[in-house]
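Me: I would like to learn how to read a few features of a protein model, one at a time. Could you give me the general idea first and then the case at hand?

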Amino acid sequence: MYAMSLSSGLFLLEKPAWAVAVAAVGVILGWPFSILAFLPLTFYSLAKQFKQAFLSGAVTSIALLALSILIDHCYYQRWTSYVFNLLVYNVLGGGESHLYGTEGPLFYIRNGFNNFNFCFILVLLFLGILPNCKEKVCP
């Protein structure tokens, strides 16, 4: 969250190379899946100042990944990367589902109501009304 805020601020201050570097820090040291939130900013920064944005992103990424791999090696006594392992497990399906369990559709409906209360009901109602809307005003 902090990396996204700082990266967006740097982007608005017209410093795209710094914005991409902060995005790399957020993705590698924070949450790797946040790359999806940083993609529009990164693509626009690359279109605006390709050389500077690419170099700052590449240098930052390589340095942080190398540091992360070295620290992981110190703790696990083998060469590994938590970013790679996390992405393989969650994206490529490298893990087994019985480790954390799987839930049916009713679980997600109950969980949605538990987390969002009446707003979740309004969203469900909106999804039911949306197909009937032809223009800006519903009949």
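Predicted model: local features only at pLDDT ≥ 70, side-chain atom pairs only at ≥ 80, totals over all residues.

Me: What describes a pair of aromatic rings?

Reply: In general, a pair of aromatic rings is described by how far apart the centres are and by the angle of the planes. In this structure, a search of the whole model finds three aromatic pairs. One of them joins Trp31 and Phe33, which are edge-to-face, with 5.6 Å centre to centre and 70° between the planes. Trp31 counts as exposed because its relative accessibility is 53%, whereas Phe33, with a relative accessible area of 24%, is partly exposed.

Me: Which arrangement do Phe50 and Phe54 form, stacked or edge-to-face?

Reply: The pair of Phe50 and Phe54 is stacked, with 10° between the planes and 5.6 Å centre to centre. Both residues belong to helix α4, which covers residues 50-76, and because they are four residues apart there, about one helical turn separates them. Phe50 counts as exposed at 53% relative accessibility, while Phe54 is partly exposed, with a relative accessible area of 46%.

Me: Which residues does the annotation "transmembrane region" cover?

Reply: According to the unreviewed UniProt entry, the annotation covers residues 20-41, 53-71 and 115-133. Over residues 115-133 the chain is 79% helix and 0% strand, with the end C-alpha atoms 28 Å apart.

Me: How should I read a charged residue such as Asp72, and is it buried or exposed?

Reply: A careful reading asks where the residue sits and what surrounds it. Asp72 is found in helix α4 and is buried, yet it has no salt bridge, since the nearest side chain of opposite charge, that of Arg78, is 9.0 Å away, and a salt bridge would need the charged atoms within 4 Å.

Me: What does the side chain of Asp72 reach?

Reply: The side chain of Asp72 reaches the backbone nitrogen of Tyr82 at 3.1 Å. Leaving aside residues up to four places away in sequence, Asp72 touches Gln77, Arg78, Thr80, Ser81 and Tyr82. Thr80 also figures in another distance, as its C-alpha atom is 8.6 Å from that of Leu70, ten residues apart along the chain. Leu70 itself lies in helix α4 and is partly exposed, with a relative accessible area of 46%.

How values were computed: Residues numbered from 1 in each chain as written. Heavy atoms only, no water. Phe/Tyr/Trp six-rings, centres within 6.5 Å; stacked < 30°, edge-to-face > 60°. Buried < 20%, exposed > 50% of the residue type's maximum accessible area, 1.4 Å probe, protein only. Helix = DSSP H or I, 4+ residues; strand = E, 2+ residues; numbered from the N terminus. UniProt positions renumbered as here; feature names shortened; annotations may be inferred. Lys, Arg positive; Asp, Glu negative; His and termini not counted. Polar contact = N/O pair within 3.5 Å; in protein donor to acceptor, adjacent residues only side chain to side chain. Contact = heavy atoms within 4.5 Å.
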